[in-house]
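Could you walk me through this structure in the viewer? I would like to know what to select at each stop and what I will find there.

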There are 2 protein chains.
Amino acid sequence: MASASKSGVSTIGVDLGGSHVTAILADEDGTTSHRSSYDITDLSFGAVVKLMSSAIHDVSAKAASVSAVGIGSPGNIDLRNGMVRYSPNFHWVNVPLGDELRSVFDMPIFIGNDARCATLGEHTYGSGRGVKNFVLLTLGTGVGGGIVAEGTLLLGNSAAAGEFGHHQIRATDGFICGCGKIGCFEAHASGTGLLRHALACAPSFPRSTLLGDKPYEVGSKTIRKAAEAGDSHALAAWTRFIDDLALGLANIIAFMNPDVIALGGGVSSAGDFMLNAVRPKVDELTTMAPKGAAKIVIASLGNDAGAIGAAVMARRGGMATSLP
Amino acid sequence: MASASKSGVSTIGVDLGGSHVTAILADEDGTTSHRSSYDITDLSFGAVVKLMSSAIHDVSAKAASVSAVGIGSPGNIDLRNGMVRYSPNFHWVNVPLGDELRSVFDMPIFIGNDARCATLGEHTYGSGRGVKNFVLLTLGTGVGGGIVAEGTLLLGNSAAAGEFGHHQIRATDGFICGCGKIGCFEAHASGTGLLRHALACAPSFPRSTLLGDKPYEVGSKTIRKAAEAGDSHALAAWTRFIDDLALGLANIIAFMNPDVIALGGGVSSAGDFMLNAVRPKVDELTTMAPKGAAKIVIASLGNDAGAIGAAVMARRGGMATSLP
């Protein structure tokens with residue numbers, strides 16, 4: 001890392017989430033000072049770019065000097081120009097996010113996948129610090145991920161390495177995923193997945209009031225809290241969710257044999273209630289690596305992981321120094 | 001790589017397969033000269049070690065000078081001492097392969113997983129030469145694999161990175177795997193998997209003679225050749241096999257986003273008949289990386305990949321220079 005911040009030079013990290021865009025100001029050691037956040041629910045690409053620009057302006061105004069901006073966006077990103085090739089959650093195809101921002105800001109703009117940014121953040125300052133083989137899994141509306149192997153953040157051919165959410169675990173009996181496939185890990189082990197499990201097992205609990213009048217609007221936190229409180233319908237959904245999460249985690253272990261897997265994203269606020277349920281099931285499904293070789297923990301940077309990692313990316317001058 | 005072979009120093013590579021143990025003599029540029037092979041079908045660990053020692057002796061006697069021996073063994077290997085922690089195919093648990101050989105040979109002995117050795121071989125001299133992000137998938141009796149990411153062979157925490165064969169693709173409706181889990185990729189996409197598909201769809205073909213009098217002894221090549229010739233039972237099995245192979249390949253792409261995936265092992269002798277069937281299905285199932293980003297090819301070193309890679313490992317002084 002450059003020693004720029006010793007002279008007060010910051011970078012800006014931006015996290016583009018499903019409902020909000022958030023910019024933070026970060027110095028060289030990862031300390032964040034200012035932040036600005038806007039609600040982008042149901043907005044078009046153009047409107048999102050405007051609010052993202054506002055958020056960047058807001059925190060930039062607080063800084064002595066800003067050297068670069070990093071943005072973590074959902075979807076597959078062309079790292080060379082910051083184009084979002086495909087984001088199933090925003091329904092974006094080939095949107096020129098990088099070019100739009102470069103027309104507004106006269107400083108380097110780097111764009112990467114949000115979960116890979118979060119992986120960079122957690123590996124630099126959080127749960128993955130000093131870990132040689134590290135995997136971050138973000139369990140939110142969707143499931144994202146990132147891989148550090150032998151100390152290097154993996155990008156792959158098209159910056160799509162770590163898309164654990166779109167590996168199929170139940171191709172014949174699974175839920176339909178936003179990407180169009182059946183039984184993707186994301187459709188089963190995200191917050192949305194937990195709700196789907198609750199909907200799927202609802203017929204077995206005819207007297208349950210868990211899902212109320214607007215079942216499709218029930219949050220995963222409501223279901224999880226009800227499970228913790230012993231509600232039988234919520235517990236059934238939670239058990240199916242944990243089974244599928246464990247299956248995907250065991251698949252990650254089969255592929256990567258990591259030292260640590262950190263669980264981030266909104267659903268990871270379940271903490272020990274999730275870890276205590278999922279760890280023994282992962283051990284059961286781990287057959288080639290020694291059981292317990294992968295330590296499963298909760299990510300430590302919380303909601304800021306993506307923005308902090310985006311600021312790290314900005315300071316590094318991009319996710320990769322060279323790409324094919 | 002050391003320049004030892006310029007003075008005629010060779011290394012020996014050994015491939016421990018399901019039915020044969022084969023030793024080869026290799027020079028620095030990967031050229032193999034002598035080989036020795038023994039049938040080890042149904043033999044105990046002690047008997048296997050004796051025949052492996054004989055094979056090493058045989059080729060060693062032909063060399064001016066041998067600097068080290070590398071051995072590719074199925075299963076999970078403790079790279080520090082060459083103990084085979086677990087091999088489901090041999091039913092070995094914690095067998096001291098390294099120590100046994102070190103008591104016989106007065107030279108450095110390095111042991112690694114057979115598929116990771118083959119990956120090293122293909123990446124050094126074969127289908128993965130110069131490829132930054134490379135995956136080898138060996139389709140034989142089982143399914144093995146290895147990953148080169150950002151130019152580095154991945155080992156993971158316990159040298160078990162790349163165990164694609166034991167990721168679950170059909171946890172509820174799959175075949176039982178040798179490792180005890182249901183629906184592992186290996187149980188569906190190996191040569192044995194092809195036979196299982198043929199057995200599973202046999203009831204739909206009551207007049208089929210494909211599996212004859214001893215259905216459990218029919219080789220995958222027989223089924224594949226019958227499919228190529230248009231036999232309807234064989235084609236049904238082949239289609240299910242290709243579907244599951246494509247599913248696993250798409251999962252590998254979701255995780256690793258490789259530049260090239262090479263298919264090795266006995267089943268890969270199907271060549272274009274397999275590639276032409278599997279490539280469009282993989283494209284269908286590739287949603288996050290650009291379609292076609294991963295080039296799917298047949299591995300180029302054939303049956304020698306494992307032994308050649310083991311010789312490379314011996315020359316490198318092990319799979320990794322340091323391990324935790």
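Two strands count as a pair if DSSP finds at least two bridges between them. Keep that in mind for the stops below, and remember that you are looking at a predicted model.

Stop 1

Now zoom in on strand 5 and strand 6 (residues 83-87) of chain A, where 3 bridges hold the antiparallel pairing. Which residue of strand 6 is the bridge partner of D78(A)? Pick M83(A), and you have found the partner.

**Stop 2: a hairpin in chain B.** Move to chain B and select strand 6 (residues 83-87) and strand 7 (residues 92-95); these run antiparallel and are joined by 3 bridges. Click V84(B) in this pairing, then look for its bridge partner in strand 7, V95(B). The two strands of chain B form a hairpin with 4 residues between them. In the turn, stop at H91(B), which has a positive phi of about 60 degrees.

Stop 3: Where they touch, domain 1 of chain A gives 14 residues and domain 2 of chain A gives 17 residues. On the domain 1 side, strand 5 and helix 3 (114-125) of chain A each supply at least two residues.

**Stop 4: where the chains meet.** Show both chains. The contact takes 40 residues from chain A and 40 residues from chain B. On the chain B side, select helix 7 (residues 232-256), whose 5 residues are the largest share. That side of chain B divides into 19 nonpolar, 14 polar and 7 charged residues. The copies meet through the same surface, because 100% of the interface residues of chain B are also interface residues in chain A.

**Stop 5: the axis.** How are the copies related? Chain B superposes on chain A by a rotation of 180 degrees with 0.0 Å of shift along the axis (RMSD 0.0 Å). The two copies are thus related as by a two-fold rotation axis. To find the axis from chain B, select I169(B): its C-alpha is the nearest in that chain, 2.6 Å from the axis.

How values were computed: Residues numbered from 1 in each chain as written. Chains lettered and ligands numbered in written order. Predicted model: local features only at pLDDT ≥ 70, side-chain atom pairs only at ≥ 80, totals over all residues. Contact = placed C-beta atoms within 7 Å. Nonpolar A, V, L, I, M, F, W, Y, C, P; charged D, E, K, R; others polar. Least-squares fit on C-alpha atoms with pLDDT ≥ 70 in both.
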